[in-house]
Amino acid sequence: MEIFFQQIINGLVLGSMYALVALGYTMVYGIINLINFAHGEILMVGALVGWTVVTVLEGAGLPGWALLSIALACAVVVCTVLNFTVEKVAYRPLRNAPRLAPLITAMGMSLLLQTLAMIIWKPNPKPFPLLLPTTPIDLGGPVITVTQCLILGVTVMVLAALIYLVNYTKLGRAMRATAENPRVAGLMGVKPDFVISATFVIGAALAAVAGIMWAANYGTVQHSMGFLPGLKAFTAAVLGGIGNLAGAMVGGILLGLIEAIGAGYLGELTGGVLGSHYADIFAFIALILVLTLRPSGLLGERVADRA
């Protein structure tokens, strides 16, 4: 039972990071029906920028929490500027093109960002410094680290802020109006181009936060680190219901729990044939089942008020 509760904690932490990235996918899809497959690379850039900042400032005598905060702020700025540029250069000219064109462009942009990151930061993995206390907190058997507590707390605050933004602000109303009908929204005074750019910027900020969390939790960064989390976050978005904010959150948490619990019991269930490094299969088996039984996702795809 102790192992089970430990895997629940691990799953919540992992699912929190998936949820943040999945929100970027689902917001963009909800407004312009585009799957931005370069979104995982935004997470990677955020993690590498954070590593660079921490490495440069490591000898300045700043406390770990201050270094982490500065790294997070720099990562958010760089990632938002990058995603804004990607949207303007790569996606906006293809907005009225057949859907296959922006999809292929997104895949090409993913490879381009990976290659540029490999050139700038070199291909070898880099250790991310431990900035917060590493002594685990005993929860009566299961343990949790300070970094994991921070990940859960930041995720809750970010998700609450995003829900407030979408549902109770002028920008949120503009996003919902643009998602429903961009042309009519434009006639009502909404600027669709601004709203779409803002959506890419918000999604990039969430991915940057997830990238710093990922680096701090796993202690390593490299140019290819964004591919698998990005793919799983997309899976989480589809699992919960693409275009549905609540669905992205639920899908991310659920995917993290499935993966963590599967990793904890996979070897036992298969008699030692499969180890925990095969845990990825659980995520995609869950996706296949959901798409087979409920193609619109667990919570369904939002249409009129999706954001």
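The views below come from a predicted model.

**View 1. Helices α6 and α8 cross at roughly 110°.** Helix α6 spans residues 170–180, and helix α8 spans residues 192–218. Their axes come within 10 Å. On the α6 side, L171, A174, M175 and T178 make the contact. On the α8 side, P192, F194, V195, A198, T199 and I202 take part. Eight of the contact residues are nonpolar and two are polar. None is charged.

**View 2. The largest nonpolar core holds 84 residues.** L20, L23, Y91, F128 and V221 touch the most other members of this core. Helix α8 gives the core its largest share, with 15 residues.

**View 3. Contacts of F128.** Residues up to four places away in sequence are not counted here. F128 touches A47, G50, W51, V54 and L68, among others. Its contacts also include A215, A216, G219, T220 and V221. F128 and V221 are both among the core residues that touch the most other members.

**View 4. Cysteines in a structure with zero disulfides.** A disulfide needs two cysteine sulfur atoms within 2.5 Å. The closest cysteine sulfur to that of C74 belongs to C79 and lies 11 Å away, so the pair is too far apart for a bond. C74 has 30% relative accessibility and counts as partly exposed. C149 also counts as partly exposed, at 33% relative accessibility.

Technical notes. Residues numbered from 1 in each chain as written. Predicted model: local features only at pLDDT ≥ 70, side-chain atom pairs only at ≥ 80, totals over all residues. Heavy atoms only, no water. Axes fitted to C-alpha atoms, helices over the stretch in contact; angles between N-to-C directions. Helix = DSSP H or I, 4+ residues; strand = E, 2+ residues; numbered from the N terminus. Contact = heavy atoms within 4.5 Å. Nonpolar A, V, L, I, M, F, W, Y, C, P; charged D, E, K, R; others polar. Buried < 20%, exposed > 50% of the residue type's maximum accessible area, 1.4 Å probe, protein only. Core = buried A, V, L, I, M, F, W, Y, C linked by side-chain atoms within 4.5 Å.
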